[in-house]
Amino acid sequence: MLKEVIKMDRIEAISQIIDELDQELVVCNIGFPSRELYHLQDHEKNFYMLGSMGLASSIGLGLSLSLLKNAETENQSPRKVVVFDGDGSILMNLGSLVTISAQGPLNLILVVLDNQCYGSTGSQCTYSEEVDLSLLAESAGFETVLVFQEEINFEKALQSKGPVFVHMKVNPGNADVPIIDLNPEEIKYRFMKEIENKL
Ligand SMILES: Cc1ncc(C[n+]2csc(CCOP(=O)(O)OP(=O)(O)O)c2C)c(N)n1
Ligand SMILES: [Mg+2]
């Protein structure tokens, strides 16, 4: 008999992961993942990427590289960046995996919340059922690749050498949460202030 595959809902995965965070900056994918994060715990260190599908990982890469550079100048350890991305979004910007791997930011953790669909826009299927995203990350050369489904050990992601790829398999569906009550300028400027205050 086939073993039943138990997954958690995306909001539960986000909740468990942010419970493990402290000073890490968070860049979150467009649509319901950002709404769910905002609902669970709004924070200045969250950047809700409201417009550009596919670009959360690229924004996270740029951010982690600039934090690394500043930390080197200041002789400090770099602040980490956690990106919550989606399967549909990373598949739309696959080159990002290669660029992240080639740049090798040790302070970047890319979490792909894989619900095998474009959950935020009506749950149309993506190709993540046919194509294994963690194998793609491995072959792109990510330093660490972790796959979670029934349980999350995010402590391991935080302790591993980056760039880290976390393949988080979740159920399709969105939580019933309201829209984000902040405009893009507010999100951007408070996030910039947060980075300026604490490099
Ligand atoms: C360039 C572009 N194409 C399409 C959209 C519409 N859109 C917004 S979110 C989304 C689905 C994203 O799917 P995924 O990354 O898997 O995240 P999920 O919602 O499933 O967590 C789509 C198609 C967009 N905003 N921009
Ligand atoms: Mg998805």
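**Spaces and salt bridges**

Searching the whole structure turns up one cavity of 30 Å³ or more. Keep in mind that this is a predicted model: local features need pLDDT of at least 70, side-chain atom pairs count only at pLDDT 80 or more, and totals for chains, interfaces and linings use all residues. Residues are numbered from 1 along each chain as its sequence is written, chains are lettered from A and ligands numbered from 1 in the order in which they are written, and side-chain values use heavy atoms, with hydrogens and water left out.

Now, what counts as a cavity or a pocket? We use a 1 Å grid over the protein atoms alone. A cavity is a set of points where a 1.4 Å probe fits but cannot get out. A pocket is an open set with protein on both sides within 12 Å along at least five of seven lines. Lining residues have an atom within 4 Å of a point. Grid points are joined across faces, edges and corners, and a volume is the space filled by probe spheres set on the points.

Back to the cavity. The volume of the largest cavity is about 40 Å³. Its lining is I18, L21, V26, L37, Q41, H43, K45 and N46.

Stay with K45. K45 sits in the loop between α2 (32–40) and β2 (46–48). Helices (H or I, at least four residues) and strands (E, at least two) are DSSP runs, numbered from the N terminus. K45 is buried yet has no salt bridge. Buried means under 20% relative accessible area, exposed over 50%, partly exposed in between (1.4 Å probe, protein chains only). A salt bridge is a side-chain nitrogen of Lys or Arg within 4 Å of a carboxyl oxygen of Asp or Glu. The nearest side chain of opposite charge is E24, 5.2 Å away. Lys and Arg count as positive, Asp and Glu as negative; His and the chain ends are not counted. What does the side chain of K45 reach at 2.8 Å? The backbone oxygen of E24. The backbone oxygen of D22 lies 3.3 Å from a polar atom of the K45 side chain.

How many salt bridges does a search of the whole structure find? Three. In one of them, R10 meets E36 at 2.9 Å, N to O. R10 is in helix α1 (residues 10–19) and E36 in helix α2, so this pair ties together parts 26 residues apart in sequence. R10 is buried at 3% relative accessible area, and E36 is buried at 1%.

Next, D42 and R190 meet at 2.6 Å, N to O. D42 is in the loop between α2 and β2, R190 in helix α8, 148 residues apart. D42 is partly exposed, at 32%.

Then E194 and R79, with their closest N and O atoms 2.5 Å apart. E194 lies in helix α8 and R79 in the loop between α3 and β3, so the pair ties together parts 115 residues apart in sequence.

Of its 18 lining residues, the closest to its centre are N29, S89, Y118, G119 and S120. The second largest pocket has a volume of about 160 Å³. Helix α8 gives the largest share of its lining, five residues.

Note on methods:
Polar contact = N/O pair within 3.5 Å; in protein donor to acceptor, adjacent residues only side chain to side chain.
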